[in-house]
Amino acid sequence: MNCTDAQTLMSAAVDGELTLKEQKGFEKHILSCPSCSAEFEEAQKTKSIIREKIIRFKAPQSLVKSILKLSDSPH
Ligand SMILES: [Zn+2]
């Protein structure tokens with residue numbers, strides 16, 4: 001696997017969507033290539049930031065829903 005191959009697989013690798021064979025080749029390349037390794041790390045960081053933002057965005061809404069439910073229920 002060369003850098004171009006690794007770049008192609010990068011986004012799927014971050015999502016954990018590689019086949020076992022791709023995963024192995026990708027990891028091997030990452031270990032031997034500092035520039036792809038750095039890029040992969042960056043991609044993982046970006047993804048976890050996005051995921052955090054989604055969770056933070058959803059949390060207040062579910063809170064609002066549960067508050068609405070509480071006020072709806074008869075006492
Ligand atoms: Zn590389």
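This is a guided tour of the predicted model above, stop by stop.

**Before selecting anything**

Residue numbers start from 1 along each chain as its sequence is written. The model is predicted, so local features need pLDDT of at least 70 and side-chain atom pairs count only at pLDDT 80 or more, while totals for chains, interfaces and linings use all residues.

**Whole chain**

Colour the protein chain by pLDDT, the predictor's confidence in each residue, from 0 to 100. The chain mean is 88, and 89% of the residues reach 70 or more. Helix H2 (residues 20-32) has the highest confidence, at a mean of 97, and H3 the lowest, at 83.

Switch to a cartoon view. Helices (H or I, at least four residues) and strands (E, at least two) are DSSP runs, numbered from the N terminus.

Of the 75 residues in the protein chain, 7% are buried. Buried here means that 20 or more other C-beta atoms lie within 10 Å of a residue's own; exposed means 12 or fewer, and partly exposed is in between, with C-beta atoms placed from the backbone.

**Helix H1**

Select residues 3-14. Helix H1 has 12 residues and reaches 16 Å from its first C-alpha to its last, close to the 16 Å expected at 1.5 Å a residue. The expected span is 1.5 Å times one less than the number of residues. Next, select glycine 16, which follows H1 and has a positive phi, near 70°.

**The nonpolar core**

Select Ala6, Leu9, Phe26, Cys36 and Phe40, the five residues of the largest nonpolar core. H1 and helix H3 (34-72) are the elements that give two or more residues to this core. Such a core is a set of buried Ala, Val, Leu, Ile, Met, Phe, Trp, Tyr and Cys residues joined through C-beta atoms within 7 Å.

Centre on alanine 6. Beyond four places in sequence, alanine 6 touches Met1, Phe26, His29, Ile30, Cys33 and Cys36. Contact means that the C-beta atoms of two residues, placed from the backbone, lie within 7 Å.

**Isoleucine 30**

Move to isoleucine 30, in helix H2. Isoleucine 30 counts as partly exposed because 19 C-beta neighbours are inside 10 Å. Its contacts, again leaving out residues up to four places away, are Ala6, Cys36, Ser37 and Phe40. Draw a C-alpha to C-alpha distance from isoleucine 30 to alanine 6: the two are 24 residues apart in sequence and 7.9 Å apart in space.

Select valine 14, in helix H1. Valine 14 is partly exposed because it has 17 other C-beta atoms within 10 Å. Which residues does valine 14 contact, leaving aside its neighbours within four places in sequence? They are Ala43, Gln44 and Lys47.

Three C-alpha distances can be drawn from valine 14. Glutamate 42 is 28 residues away in sequence and 9.9 Å away in space. Lysine 45 is 31 residues away along the chain, at 9.4 Å. Serine 48 is 34 residues away in sequence, at 9.7 Å.

Finish with two of these partners. Lysine 45 is found in helix H3 and counts as exposed because 11 C-beta neighbours are inside 10 Å. Serine 48 is found in helix H3; with 11 C-beta neighbours inside 10 Å, serine 48 counts as exposed.
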